[in-house]
Amino acid sequence: MLFVLASLACQTVEDAPSSTPEVSSQQAAVGSVVAELTHAPDVPAATGRTQPTKVVVELEVRELVMPIADGVEYTFWTFGGEVPGQFIRIREGDEVEFHLQNHPDSKMPHNIDLHAVTGPGGGAASSFTAPGHASQFTFKALNPGLYVYHCATAPVGMHVANGMYGLIFVEPEGGLPEVDHEYYVMQGDYYTVGKYREKGLQPFDMQKAIEENATYVLFNGSEGALLGDNALKAKVGETVRLYVGNGGPNLVSSFHVIGEIFDTVYPEGGNNLNHNVQTTLIPSGGAAIVEFKVEAPGTYVLVDHSIFRAFNKGALGMLKVEGDEDLVVYSGKEVDSVYLADKASANSGEKAVAAAEGLSSGDLTPAAQKAAGEALFAGTCSTCHQADGAGMASVFPPLAGSDYLNADVNRAIGVVLNGLSGPITVNGTEWISVMPPMSQLNDDEVANILTYVYGSWGNSGAIVTADEVAAVRAKGGQPAGAAH
């Protein structure tokens, strides 16, 4: 239920049990409420209140090393220990007493700028907090809507790029209409020294950030945050409301759910309503609320429809819907593994094990290489070469039992990195086709894919190493614009 009694969403201090934590080492004033904060993708229950009151919000900054992709770690600066920061839900007219704590282990001072605040800096000047210290300020929630908050300590862009953003929802009087599910989704762009999916602990790259050349574009702080077992869930016939934010720091989001039409959109998180919307723009530092009813079972894919960001930078999530099919609405069901490939089961199974084993160098066991390569092949190569390596008659030559492939490992590496066009002879048949360069793949990814291919379909069983790929890459040959 969207509307619940206020006591379920936030407890009055005078009625709170003895286990209720202290607020900045002091109890909040009698009659005020302590806001419930949630981590994405969860959303706090509606306040249920018919009148404004005093609300205490307590948020802690933590600097933590966490996964940004399989086998890749990043030092995130967080509000509440995760990215995005915890969801804050209050009501129009509330007086908000805000407490910001900066954990003693932090290396940097931080503050908070809440776009829901009317006043200079949105609270930033009042909340500058050194490591091991706490700050407090108060504001009145004058305007209903869905708002971004973020750190505004210099250099502001760096703090935001490291994950310091979240959403605060100021409920309008009377709240919102009831729905079956509410979820919290927030996009951000990340800038690492290593390229996409390069293994190990990756530092922040200031120059890439200045040039707005994002390595990753992600929902909820990591590539697997809304994939596989972490997918959002609903049932046929239910209504879903997504609170969608864009922390930036640079890129505008073209938010879209593949296979759904938004029945209602609150553009930029305000009061106006749009209906029957396919894709909605969410500016950096902005938000939107989207609502829809799910009428057919299957997997619905959340993307930034600047589409290379979805399939090559990570801006992809899933909503899995269970229930009976309605063949009048839709005649079939999308197969996750075909459409989403290696992202369909992110952070699970052999792929994650392989990534963990190769965390620092990409140096995997042959079995782990093959497991990782199989998933990557599905997402990168199988459309043309087919899942069984048979190719497509008169269009793409086979990889299965290919004499061309098995004759020269270095040549095969070069074809993956640099592409291939013109006639070639495979198993006695001449083929004329074009393979685009795949030099965006990391050395270990190329090695894993080829190890899988060589170990499948009657091929030679050759083991390809990342060092071999690096040696071929160093010789050049990539077309202009394809070198990595």
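Reader: How many residues of S5 are buried, and what makes S5 mostly covered?
Author: Buried means under 20% relative accessible area, exposed means over 50%, and partly exposed lies in between, with a 1.4 Å probe and protein chains only. Five of the five residues of S5 are buried, so S5 counts as mostly covered. Before we go on, this is a predicted model, in which local features need pLDDT of at least 70 and side-chain atom pairs count only at pLDDT 80 or more, while totals for chains, interfaces and linings use all residues. Residues are numbered from 1 along each chain as its sequence is written, and side-chain values use heavy atoms, with hydrogens and water left out.

Reader: Which strand pairs with S2, and how do you know that the two pair?
Author: Two strands pair if DSSP finds at least two bridges between them. S2 and strand S5 (residues 87-91) have two bridges, in the antiparallel sense, so they meet the criterion. Leu37 has Ile88 as its bridge partner in S5, and Thr38 stands opposite Phe87. On S10 (residues 165-171), S5 pairs in the parallel sense over four bridges, with Phe169 as the bridge partner of Arg89.

Reader: Why are S2 and S7 said to stand at the edges?
Author: The open sheet has five strands in the order S2-S5-S10-S9-S7, with mixed pairing. Strand S2 (37-38) and strand S7 (113-114) each have a single partner strand, so one side of each is left without a neighbour in the sheet.

Reader: Which strands are at the edges of the six-stranded sheet?
Author: That open sheet runs S13-S11-S15-S20-S17-S18, again with mixed pairing. Strand S13 (216-219) and strand S18 (274-277) are its edge strands, each pairing on one side only. Inside the order, S11 and strand S15 (residues 239-248) pair in the parallel sense over eight bridges, and Tyr184 has Tyr243 as its bridge partner in S15.

Reader: Why is Gly194 called buried?
Author: Gly194 has a relative accessible area of 3%, so it falls under the cut-off for buried. Gly194 sits in the loop between strand S11 (181-190) and strand S12 (200-202). Contact means heavy atoms within 4.5 Å, and, leaving aside residues up to four places away in sequence, Gly194 touches Gln202, Lys208 and Thr215. The C-alpha atoms of Gly194 and Thr215 are separated by 8.1 Å, although the two are 21 residues apart along the chain.

Reader: And why is His385 called buried?
Author: His385 has a relative accessible area of 14%, so the same cut-off puts it among the buried residues. His385 belongs to helix H8 (residues 382-385). Not counting residues up to four places away in sequence, His385 touches partners including Phe377, Pro397 and Met435.

Reader: What makes a group of residues a nonpolar core, and how many residues has the largest one?
Author: A nonpolar core is a set of buried Ala, Val, Leu, Ile, Met, Phe, Trp, Tyr and Cys residues joined through side-chain atoms within 4.5 Å. The largest has 59 residues, and Leu242, Phe255 and Leu302 are those with the most contacts inside it. A second, separate core of 27 residues includes Val33, Val96, Ala141 and Cys151.

Reader: How much of the protein chain counts as buried?
Author: Of its 484 residues, 52% count as buried.
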